[in-house]
Amino acid sequence: MTATTASSVPASQQSRVTPMRVAKVVVLLALLIGIPPLVDSPFITRVFISALMLGTIAAIYDLMIGYAGLINFGYAGFLAVGAYGSALASFHYGISPWAGLLIGGVLTGAVGFVAGIITLRLKGLYVALMTFFTGEAIRYTISNTPDFTRGMQGLSTAPFTDILGLDFARENLLNYYFLLLVLAGIIMGLLAWLVNSRIGLAFKALREDQLATQSLGLNTTKYKLYNFTIASFLAGIMGAYYAHYIGILSPTRHEFGVPRTVEILTITYVGGRGSLWGALFAGFLLIGFQEYFRGLGPWRLVLFGSLLIFVMLFARRGLAGLKKYVW
Amino acid sequence: MDYSMLLEPGILAQVLSQGLVRGSMYALMASGLSLIFGIMGVKNFAHGELFMLGTYVMFFALAVLGLPFPLGILLAAVVLFFVGMGIERTLIETLRKRAGRDWLLDAFVLTIGMMVVLQNLAQIVFGSDRRGVTGLIEGTFVSGSIVISYERIMIVCVAALVGVLLWAFLAFTNFGKAIRATSQDPDAAQTLGIDIARIYTLTFGIGAALAGLAGALLISIYPAYPTVGFQPVIKSIACVILGGLGYVPGAIVAALLLGVIEAYSVFFMASGWQNVLTAGLVVLILIFRPAGLFNSAKVERA
Amino acid sequence: MPLEVRNIVAGYTKEVPILRDVDLTAQDGLVTVILGPNGAGKSTLLKTIYGYIRPQEGEVRHDGTSLAGYKPKDMLREGIAYLIQGHSIFPRMTVSENLELGAWIMRDDRQRMAEAFEEVYERFPRLKEKRTEPAGVLSGGERRMLEIARLTMTRPKTLLLDEPSVGLMPRLVDSIYEEIEKLKAARYTILMVDQNVKKSIEIADYVYSLQLGQNAHEGEKHAFEQRLNEIVKEWI
């Protein structure tokens with residue numbers, strides 16, 4: 001695993017709060033918050049939603065792969081748990097989508113916990129394979145129980161119910177975007193805090209060398225489980241959001257299978273492993289770029305795959321490698 | 001249901017032959033995968049796409065060029081051999097040079113990227129229609145209640161032949177020995193003047209050829225379409241794991257077993273659940289015997 | 001012509017060179033031993049000579065040829081063989097296959113290979129006995145014998161021995177050194193690094209000692225033997 005971007009710059013300089021930096025952050029936030037309402041185009045808003053959503057999902061993914069070195073190759077299946085969990089809760093039991101967010105998170109967190117247990121004693125690539133099977137098993141199960149999940153026919157999901165006087169009918173895309181901003185803000189904040197805490201340190205140790213870590217008295221099991229569970233919980237929330245935003249779910253490969261996981265993985269890698277914000281930037285870059293060339297069909301995935309290969313070979317730090325030029 | 005039905009010779013023959021056919025395919029794929037992993041340490045997620053390319057070459061050879069099917073199979077193997085070597089030379093070797101110590105983890109992701117690109121390029125170039133042929137050989141073998149198509153017999157025989165050739169290659173030829181040496185101790189092999197880089201390229205080429213051959217051989221069951229490689233590769237990976245990573249004979253045995261188990265499972269569950277069964281099996285075995293069913297001498301190389 | 005190492009600066013990373021201006025010569029047909037405390041760079045030096053590490057400065061010449069840019073796989077053809085530290089046999093291949101691989105670079109020359117096998121089996125009857133057994137079942141001492149036998153299949157000019165006696169019981173250490181004596185008698189040029197200071201000096205013709213990646217002392221065996229106590233004290 002490549003080191004994080006912090007390697008070449010002294011720590012003090014890294015987190016210094018300079019006027020320039022504050023200004024940069026303010027500008028970015030302003031763009032993030034301001035563009036969709038100002039431009040007022042459903043297309044642009046959708047793009048922003050997709051970008052922010054996938055960027056956040058990728059940042060969560062980075063918690064697993066960039067910080068702890070755990071490759072989850074069934075990630076899309078995890079998202080499916082969150083999505084279907086919430087959708088089915090509202091479909092069959094009339095539970096509000098707001099509660100669904102939490103339900104999705106908890107269910108997925110449980111799945112993450114179990115996955116953590118299964119992969120307890122395993123290393124790197126075994127973890128990837130096990131999680132892959134887990135994810136696929138989830139997808140197949142959803143597919144093959146149409147009586148409950150509507151399988152391939154598609155499960156339509158309820159939009160978010162009105163809250164605080166805000167109307168979440170599907171046309172009100174801006175409200176969905178702002179909701180997402182809030183969610184993403186909370187999640188990113190949580191991730192940033194986590195990563196800089198002692199737990200985050202333990203995660204990084206996991207990534208480096210499990211054997212050495214254990215010899216330092218660190219309980220790798222505990223932290224692996226923490227990592228999987230927390231990341232899955234957060235992913236589940238995003239999955240639930242996705243369900244109620246997108247309106248219809250079906251367990252196809254492109255939605256919740258390998259292509260989706262690859263998409264997210266690519267965003268994470270392009271953003272730079274070990275860089276949460278990199279994932280967000282990459283999300284906007286890749287999704288925005290892709291939306292611009294809409295109707296690409298399979299070219300989209302060719303692009304993603306090629307980008308992944310390119311990053312692996314030639315730009316191993318991803319966008320985060322450019323950080324020292326602009327930050 | 002009546003379980004004694006399963007032991008009836010007619011049914012038994014059908015199921016066994018079908019199982020062996022499947023098993024043969026898995027075995028060809030799994031041995032390539034296992035070889036690549038055993039020698040290079042690379043888990044090639046793009047192996048299914050190599051299979052897919054094999055099906056297209058075969059289809060092209062048969063339907064467009066009108067070649068007799070043995071030539072088609074040979075062509076697929078040869079083409080994929082060079083494709084494999086090309087991939088190794090350009091992508092994998094580059095990664096190895098640039099990524100340093102942990103290149104294997106990244107190699108895995110690299111092959112994922114390759115898989116996606118190949119699959120979708122195929123989609124673009126060939127479209128998603130399934131291109132198949134009805135059958136490579138006509139006729140069935142009948143003896144009493146046992147009815148087996150000649151094609152199935154042919155497939156199993158060819159696969160077995162390839163297996164024997166592979167074994168002979170590794171056991172007796174110079175390059176085969178060099179390959180084995182490299183897998184057991186690459187540093188020592190280097191001090192004996194063996195060019196590791198060339199060995200890797202050769203190994204990847206062989207693995208790819210095996211996959212291409214599998215694709216060609218089973219064209220009448222698995223027609224050519226962009227995502228045809230997905231299923232075979234998952235199952236093959238399962239076989240490689242079950243057989244013990246890097247242990248080719250183990251992978252082959254696991255493959256044959258899996259093929260037969262799957263053939264039988266048709267009686268007990270809908271085909272959609274077969275995959276869950278396989279996945280469940282792999283998960284279980286990994287939990288209890290991470291080194292695989294056949295405890296190979298090789299320690300897990302994650 | 002000898003193996004010459006001149007002004008070598010080398011290490012695993014650029015910022016931390018382990019070898020800082022090392023100089024030595026291994027004369028033809030003689031045993032040259034490198035001593036030094038742990039971390040002095042002895043193994044690193046051998047690895048650098050053999051092309052595993054590219055030196056930042058300096059050069060290595062063998063028999064008049066510069067080895068700059070040579071990779072490990074090119075070395076045997078150049079006439080330099082390397083006995084790796086620790087185990088290096090191929091455990092799942094037979095003894096005879098191991099030896100056959102030792103002759104990999106002359107695999108096309110049937111005649112020479114047959115001769116090499118004959119010679120090796122004569123020198124090592126034990127190996128001949130066990131030639132169809134997988135190398136993994138050999139005992140520690142036998143494995144080391146196999147490694148040495150394999151080393152000399154192509155009759156290289158120079159042998160680099162990296163800790164040949166490490167991990168062996170005292171009795172086996174003696175037999176290994178007997179083998180090295182025989183190699184010395186057969187006029188191989190030997191450059192050796194070993195933990196066993198006493199025995200290596202005994203067998204040496206010329207000794208170098210390294211400290212912190214630099215030349216410390218050097219001299220003919222006799223001179224060294226006398227100063228041995230002083231030198232070892234320095235290490236501690």
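**Exercise 1. Work out which chains touch.**

Solution. Start with the pair that stays apart: chain A and chain C share no contact, and their closest C-alpha atoms lie 14 Å apart. Here, contact means heavy atoms within 4.5 Å. Next, look at the two pairs of chains that touch: the most contacts are between chains A and B.

A word on reading this model before we go on. It is a predicted model, in which local features need pLDDT of at least 70 and side-chain atom pairs count only at pLDDT 80 or more, while totals for chains, interfaces and linings use all residues. Residues are numbered from 1 along each chain as its sequence is written, chains are lettered from A and ligands numbered from 1 in the order in which they are written, and side-chain values use heavy atoms, with hydrogens and water left out.

**Exercise 2. Describe the interface of chains A and B.**

Solution. Step one is to list who takes part: 37 residues from chain A and 44 residues from chain B.

Step two is the buried area (the accessible area, with a 1.4 Å probe, that two parts lose on being put together, summed over both). For this pair it is about 4000 Å², with 78% on carbon and sulfur atoms. On the chain A side, A:L125, A:Y126 and A:F133 lose the most area to chain B, together 20% of what that side buries.

Step three is the salt bridges (a side-chain nitrogen of Lys or Arg within 4 Å of a carboxyl oxygen of Asp or Glu). The count is one, and A:R273 and B:D106 form a salt bridge at 3.2 Å, N to O.

Step four sorts the chain A side by class. It has 26 nonpolar, six polar and five charged residues; Ala, Val, Leu, Ile, Met, Phe, Trp, Tyr, Cys and Pro count as nonpolar, Asp, Glu, Lys and Arg as charged, and the others, Gly among them, as polar.

**Exercise 3. Decide how exposed B:M269 is, and what it touches.**

Solution. B:M269 counts as partly exposed because its relative accessibility is 29%; buried means under 20% relative accessible area, exposed over 50%, and partly exposed in between (1.4 Å probe, protein chains only). Leaving out residues up to four places away in sequence, B:M269 touches B:Q274 and B:L277.

**Exercise 4. Judge the confidence along chain A.**

Solution. The mean for chain A is 83, and 90% of its residues reach 70 or more. Where pLDDT is low, the predicted coordinates should not be read in detail.

Methods
pLDDT = per-residue confidence, 0-100.
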